[in-house]
Protein chains: 2
Amino acid sequence: MLRPSTLLRAARPQTAARFATAARLYSSQAPQLAEVDVSKLVIQRTQTPGQLKKEEELVFGRTFTDHMLAIEWTAGKGWSAPRITPYQALSLDPATCVFHYGFSCFEGMKAYRTSSGELRLFRPEKNMDRLSTSSARIALPPFDPKAMVECISRFVALEEKFVPKKRGYSLYLRPTMIGTQPTLGVGPPGSALFFVIASPVGPYYPSGFKAVSLEATSKFVRAWPGGTGDKKLGGNYAPCIVPQQEAAKRGFQQNLWLFGEEGYVTEVGTMNLFTCWINKDGVKEIVTAPLDGTILEGVTRDSILALAREFLTKEGWIVSERKYTIKEMAEAADEGRLLEAFGAGTAAVVSPLRRIAWDGGVGGTQRDINIPLQKGKEAGPIAERIWKWMEERQYGDVETSWSVHVPPHQD
Amino acid sequence: MLRPSTLLRAARPQTAARFATAARLYSSQAPQLAEVDVSKLVIQRTQTPGQLKKEEELVFGRTFTDHMLAIEWTAGKGWSAPRITPYQALSLDPATCVFHYGFSCFEGMKAYRTSSGELRLFRPEKNMDRLSTSSARIALPPFDPKAMVECISRFVALEEKFVPKKRGYSLYLRPTMIGTQPTLGVGPPGSALFFVIASPVGPYYPSGFKAVSLEATSKFVRAWPGGTGDKKLGGNYAPCIVPQQEAAKRGFQQNLWLFGEEGYVTEVGTMNLFTCWINKDGVKEIVTAPLDGTILEGVTRDSILALAREFLTKEGWIVSERKYTIKEMAEAADEGRLLEAFGAGTAAVVSPLRRIAWDGGVGGTQRDINIPLQKGKEAGPIAERIWKWMEERQYGDVETSWSVHVPPHQD
């Protein structure tokens, strides 16, 4: 089922494609393939402009801004001119490959308004680099992350009025890549669509942290070595809903995904997981699972690791990316060494945990792992501090290279 | 991120949902939810009827019939009236969950024309039962397979002129289920769309079998215990394209998916795999991997097992569903015990193998496993016979309960 275009596209680096390599291969074989080019951006404004809803009415991902950004790609021509158009339905042949074979990947990122009113993106190139890598893993086109960030920046500038002013609020951005080839042969899509929609959102915890309870899950397995759990593919998400519903029936907010008989701790729901404990050597350690191919390379995860290395190591903490097990967490809890644990992701930034229910593993018995919180609070001190460090950088209170200025729109 | 409808839907059996159970749970809690009802079928005929292309011009999944079948579902109302409409684009909000979270599953099945001109479906209830199960696994609605087969039968009858007359040709049917909720919260879709499109297709091997070479693949892993490899989810397919491209670069038509350090033989490309050998006890054995959660429950697989049990056991064969390894295949080849091997699926029915390249596993060395073919032919004798038994039943030469009559359309 290989089509002519396959010969060219097979030359792409396949597992961890980086644009530079891909572009080199392309250019040596097909110099005519166009790259993403913000200078070609075409803007078609809506005739029916809307308004930002009242802040208290904002629900994640339910209402969207006036416009969307879209860039088409074909195997023969590469990337077409970026277009900002009124937010509109996609009209797709029912044979389109995204409906049949899971050709979709996406990102979650946010635009923030600083206290002086300026707009900022937070580490957007990390997201675009990851999307390019996800895309290449499923035979969709890679792209230059920098060029894509420029397009997104222009889109955010145009939608400026939809970026809430209130602290804790932001404009959630959803860059998405789908295969659009309208034939049923199982092969690399000859066409694709990159698009970005934007939804104004409120803080995940409007009235302070609310610690969650997890069900440690080993019956369902989210990711596997040699699989695609480290990529942000659409197909990784749908299978997690039923486990989440089962956990919810038993009173848990999220799954803690375990791996293997050893019960390795991997991720929580759709977030990375950090555990803080006094390790067996008596040293304070903040630990998260390593990027071994089964863990999503979270931008928040990466940021937290950097912040922890900057600030916490000075206080005697060690910061680790390594495999650890639920059994080790249980032992630490029993021995009073478990300090706190929290999920990390774009939506909540940090999401403190209060309890993990675990079946005890092979031959073990069902038990709860209780995770300390501060007295009268729903978070541990490290989660609180990290959340604050992150917010200061996202909103530009503390200037870093992570916070990328969005120049105002100019007609 | 649970919505009100979750409470109801969480009551569904989750991993191997069968409609009967699901319907019972629904009816006890929400008697108003409508089921799929063929008596409500509405037909809107095209104003621009097309014609069946010349047989030699038919390419799999590229051209479609005049109409499509569509049935909408909502969590609040259940299934709406089935509609047959002109083949048309789907218009979907860019926030629709199928684009973001992999809410899609599908089936492949065929309508055949008998020598007397009648139309037949082959074991359609097996496909609809599997689709209902796939759907439930990703929090999309299950349904009554019988009712869905009736709807498909009516659709096929209307498209009668597109079912080719020539032996070996057929009308490929693509039943598809997608989540249609237009919001970004990660949760069970509150709405879905079932649709069927149809593509006239020619024989997979127009001029006789063409045996294929496989690359045994362990770097990429298609499925794993606790995952969704036994369901026909869209998200299982996109990750297989890059491995297929890599294998193609080295001259192989398909991947042979191995699992684990043991090198268990699982599937080939998008087909189940059958191996025929003299086993270590000196007995002729036809073997395929067991349905352990990592193997797609192929309808062709099931049919071949039944035929082998009916015909081959009389000739001294044993028919096995059990785990076996690539090492066992290599040993059998070395000892002259390997008789033949073939893929099995809806598209090709059987697809004979000639060679498997294998890296030798942990500590082993790269080698080829050569698979015998008949002299001057591109298939082994068992593949040939099974293919014939299948075709006789698909086209109704031999009457069985597998071949389901499609009553002619009546205006």
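Predicted model: local features only at pLDDT ≥ 70, side-chain atom pairs only at ≥ 80, totals over all residues.
Local features need pLDDT of at least 70, side-chain atom pairs count only at pLDDT 80 or more, and totals for chains, interfaces and linings use all residues. Residues are numbered from 1 along each chain as its sequence is written, chains are lettered from A, and side-chain values use heavy atoms, without hydrogens and water.

Start with the symmetry. A rotation of 180 degrees, with 0.0 Å of shift along its axis, superposes chain A on chain B at an RMSD of 0.0 Å (least squares on C-alpha atoms of residues with pLDDT of at least 70 in both copies). The two copies are thus related as by a two-fold rotation axis.

Now the interface. In chain A, 72 residues contact 71 residues of chain B (heavy atoms within 4.5 Å). Of the interface residues of chain A, 97% are also interface residues in chain B, so the copies meet through the same surface.

The chains bury about 5700 Å² between them, 68% of it on carbon and sulfur atoms. Buried area is the accessible area (1.4 Å probe) that two parts lose on being put together, summed over both. In chain A, Pro94(A), Phe99(A) and Gln245(A) lose the most area to chain B, together 12% of what that side buries.

What about salt bridges across the interface of chain A and chain B? The rule finds zero (side-chain nitrogen of Lys or Arg within 4 Å of a carboxyl oxygen of Asp or Glu).

Finally, the strands (DSSP runs of E, at least two residues, numbered from the N terminus). E5(A) and E5(B), residues 90-92 of chain B, pair in the antiparallel sense over three bridges; pairing takes at least two DSSP bridges. There, Leu90(A) has Leu92(B) as its bridge partner.

Terms used: Helix = DSSP H or I, 4+ residues; strand = E, 2+ residues; numbered from the N terminus.
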